Amino acid sequence: MARGPASSTAAVAAVTAGLCLGLAAPGTGQEAAERDLRVEGEYGLHVRELPADGHGSSASAPGSVEVVWLNRGTDQGLLRVFVGDSVVHQDTTLAGLVHRATFPDIFPRPLTLEYGSASDPDGRFRTTLRPPPGRAEGVVTGADSLFVVGDVHGEYDNLVALLGNAGLIDDELRWTGGRSHLVLLGDLLDRGPNVTRVLWLLYRLETEAEAAGGRVHIVLGNHELLVISGDLRYVHPKEQLLADYTGIAYDELFDPDHTVLGRWLASKPGLMKIDDVLLAHGGVVGHWSDVPVPAFNDTLAIYLDEENFDHEHFFWSDESVFWHREYVLSHSMRSELHRALKGHDAELHVIANTTVPSIEERYDGKLIAVDLENPATEMLMLTGEPGARKRYRYTMEGPPEPLGG
């Protein structure tokens, strides 16, 4: 299992200076640095249910929901909670960068949070929360056009440009993909500066796509597991600093038991099959070639619920569905790929986790690798009937290109 160094003190200091003084981080362009230092709205929003002992906020009543956000300035904060068009709770917070407010967890959901600056209406944002999700299915049939994005790693601007160019979202970031299916193939977390904003975007698009007859699917990757298990060595300095400001450990911001985003992520599968396409973050090999998709995801749910990650072979080994790399690193996996496709009655395996310069086909087109050296700058599109799908590569601008053409 590859591991990386912790974020450097110098990097954290640079981000701190940028947040406090509004300056560009050293060694970056001004515009790029300002994008990376956004903290307002869903860039820094976290919502969690406080357990009965009130742990995490001693001033909060047990059985409450805590909302934490950051304003771009240091004015007072405002939180309003809506059920439908009715305000059911309102709080004003003291002036500062970080704001925290709670409300009793007694309201029906969905509900909408309005939060941000108390004095500046333009500095307020809205996020709608849904009821806690059931476990996402791992097998889907009858998909229309299928779009697949590899590792995003917090690169929000790349993802928005990519989805917009493909016509899946509009200028207001609303779903316009109709009946299309969009798959995010793991590693939304770590490395990049805007992980939290990526998650809230997909959280909303999931609902909008389903209402339009399409779907947004999240498949878990190894970096989701790393953060949930408390391994924070890949967290970007900006993301870590925002957690430090809140006084909440970064992994606790994605706690599967008590946070909105953590519970949502933990409901996702680690393996998917959409019609004749098998999708996994690292790749399916060995023992997992003969384990049905629903059984694999049942096991994942059980292990995640145990609150430990001691299952080495399942989570962390070189043959783990989340970590496997040999489909990309070698050219001698033809028999393993054949076994995986046969075992899952699939025609194509799409994987991420191991970077390539551009989306590429391997093994006579039976495997497509979509994890890019520059994250979320290309997207795979599959159209047509199972067994006769046309393959395209979308980039952040311009029309799609035939894959391999």
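User: Which residue just after H11 takes a positive phi?

Analyst: This is a predicted model, where local features need pLDDT of at least 70 and side-chain atom pairs count only at pLDDT 80 or more, while totals for chains, interfaces and linings use all residues. Residues are numbered from 1 along each chain as its sequence is written, and side-chain values use heavy atoms, leaving out hydrogens and water. Helices (H or I, at least four residues) and strands (E, at least two) are DSSP runs numbered from the N terminus, and H11 spans residues 334-343. Just past H11, a positive phi of about 50° belongs to Asp 345.

User: Which residues of H11 are buried, and how wide an arc do they cover?

Analyst: Buried means under 20% relative accessible area, exposed over 50%, and partly exposed in between (1.4 Å probe, protein chains only). In H11, the buried residues are Leu 337, Ala 340 and Leu 341. An α-helix has 3.6 residues a turn, so residues three or four places apart point the same way. The three lie on the same side of H11 because their arc, taken from the directions from the helix axis to the C-beta atoms, is only 95°.

User: What lies on the other side of H11, and which elements cover its buried residues?

Analyst: The other side of H11 carries the exposed residues Ser 335, His 338 and Lys 342. Contact means heavy atoms within 4.5 Å. The cover over the buried residues includes strand E13 (277-280), helix H10 (326-329), strand E14 (348-351) and strand E16 (367-369).

User: Are the side chains of strand E10 buried or exposed?

Analyst: In a regular strand the side chains alternate between the two faces of the sheet. On one side of E10 (residues 181-184) we find His 181 and Val 183, with Leu 182 and Leu 184 on the other. Both faces are covered, and these four residues are all buried.

User: How is E10 connected to E9, and what is the handedness of the crossover?

Analyst: Two strands pair if DSSP finds at least two bridges between them; E9 (residues 146-149) and E10 are parallel, with four bridges, and Val 149 has Leu 184 as its bridge partner. The chain goes from E9 to E10 through helix H3 (residues 156-165). A crossover counts as right-handed if, with the strands pointing away from the viewer, the path from the first strand over the helix to the second runs clockwise. This β-α-β crossover is right-handed.

User: Which strands stand at the edges of the open four-stranded sheet?

Analyst: The order is E4-E3-E6-E7, with antiparallel pairing. E3 (residues 77-83) and E4 share seven bridges, and Arg 80 stands opposite Gln 90 in E4. Two strands have a single partner each, so one side of each lacks a neighbour in the sheet: E4 (86-93) and E7 (124-129).
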